[in-house]
Amino acid sequence: MASSLARSRPPHGQEPAINGIGILGTGSYLPAETVPNRVVAEWAGVTEEWILRKTGIRERRYAARHEATSDLAAQAAEAALRAAGVSAADLSWVVLATSTPDHPQPATACLVQDRIGAVSAAAFDINSVCSGFVFALVAAARLLAEPDGGAPGHALVIGADVYSRIIDRTDRRTAVLFGDGAGAAVLGPVRADRGMLGSHLVSRGAQHGLIHVEAGGSRLPASEKTVVSGQHHFRMDGRAVRDLVARELPESVRELLARSGITPDQVDHFIPHQANGVLLGEILPTLGLRRARVHLHVADHGNTSAGSIPLALDTAHRSGALGDGDLVVLSGFGGGMSIGSVALRWDASAAASSGKDTA
């Protein structure tokens, strides 16, 4: 596949088009337990007012004791399959974006594959942290666009995370932000003038230290010392992340539109990573998407990492907001640092909603 894409890649950094591959159905899942600012404020030593003023978040959901990332992912996956009218047995690919896998190995996507009965699919994880769903969406679409003979099949793309297990509840920089959740989309054939129009993915590896979990890998294996010192907790340099996102996200959107032959005024919907409502409020005016309806649900869900974009996409889809032919832009940013944006033309005839509110 790599050599084929290299031969077909247009000049000047343009991405080859992915014609006729789009979203057939969406689904999402949020755990039952709601955690209001009142509770988090007590842990982090701040006030409810401070959390709302700094983040725009009012509450978030936490997974139950028996729930892991694969459980959330499977619920969202099954909802997306129902909405798409696609059987799990007919899937060619299961791609799961997560930075909180059930185990270091095997891939959590394989657990989801087994649970939903996707017996013919190849399953793998992608870890691009909060931008993971966009990276996974592009990877799956490329795989479907290069079938091994015959017509494209179907792919299930999931974003799911359980950050309540890795946050330091005393760290006000992170504890107030994160919640747990999952969203999913089924990809497959759509009308030739619909589906994915273009993508822009980039990683700034020099900034990898801005967001990290220090221990638990081959560099610093788990030990009594790493546990006691809190090195398995999620850490983030919030100010530096804010500065990088303010600089890089507008550039990613501009590059996406240029590659896709789209003007800013043609964008009907913008669905960003739901990181921090205040941060997004500052950045959105710099994107130039004057006509776009911005879909924000961070106040009710918090930052669900790789789950945030597909959660917001499913909410928009189920509400009936996405009309046939609407131009939708998804943008994510997260650890790595990785930034990704994708544009798609919505095919309402293919993306038939199940009408069931799974969130």
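## Secondary structure and model

Helices (H or I, at least four residues) and strands (E, at least two) are DSSP runs, numbered from the N terminus. The model is predicted, and local features need pLDDT of at least 70, side-chain atom pairs count only at pLDDT 80 or more, while totals for chains, interfaces and linings use all residues. Residues are numbered from 1 along each chain as its sequence is written, and side-chain values use heavy atoms, with hydrogens and water left out.

## The second largest pocket

A pocket is an open set of points on a 1 Å grid over the protein atoms alone, where a 1.4 Å probe fits and protein lies on both sides within 12 Å along at least five of seven lines; lining residues have an atom within 4 Å of a point. The second largest pocket holds about 680 Å³ of space, a volume being the space filled by probe spheres set on the points, which are joined across faces, edges and corners. It is lined by 28 residues, and those closest to its centre are R173, G238, R239, R242 and N276.

Which element gives the largest share of the lining of the second largest pocket? Helix α8 does, with five residues. The elements that each supply at least two residues of this lining are α3 (48-55), β10 (234-236), α8 (238-260), α9 (277-283) and β13 (327-334). By class, the lining of the second largest pocket consists of 15 nonpolar, six polar and seven charged residues. Here Ala, Val, Leu, Ile, Met, Phe, Trp, Tyr, Cys and Pro count as nonpolar, Asp, Glu, Lys and Arg as charged, and the others, Gly among them, as polar.

## The largest pocket

In terms of class, 14 nonpolar, 16 polar and five charged residues line the largest pocket.

T69 belongs to helix α4 (residues 69-84). Is T69 buried or exposed? T69 is buried because its relative accessible area is 3%, where buried means under 20%, exposed over 50% and partly exposed in between (1.4 Å probe, protein chains only). Apart from neighbours within four places in sequence, T69 is in contact (heavy atoms within 4.5 Å) with T98, T100, D102, T108, A160, D161 and V162.

R291 lies in the loop between α9 and β12 (293-294). Not counting residues up to four places away in sequence, R291 touches D265, Q266, V267 and D268. Between R291 and A107 there are 184 places in sequence and 40 Å in space, C-alpha to C-alpha.

## Helix α11 and its surroundings

Helix α11 (residues 308-318) is largely enclosed by the rest of the structure, because 10 of its 11 residues are buried. The buried residues of α11 are S308, I309, P310, L311, A312, L313, D314, T315, A316 and H317. After α11 comes G320, with a positive phi near 85 degrees.

S305 sits in the loop between α10 (298-301) and α11. S305 is not a glycine, yet its phi is positive, about 55 degrees. With a relative accessible area of 1%, S305 is buried.

## Further backbone features

Most residues other than glycine have a negative phi, and most peptide bonds are trans. V129 is a residue other than glycine with a positive phi, near 55 degrees. V129 is placed in the loop between β5 (122-126) and α6 (132-145), and its relative accessibility of 13% makes it buried.

Where in the chain are cis peptide bonds found? The bond from Q105 to P106 is cis, with omega near 5 degrees, and P106 is in the loop between β4 (91-97) and α5 (108-116). The bond from G336 to M337 is also cis, with omega near -10 degrees, and M337 is in the loop between β13 and β14 (338-345).

## Two cysteines

C130 is buried, as its relative accessible area is 6%. C110, at 30% relative accessibility, counts as partly exposed.
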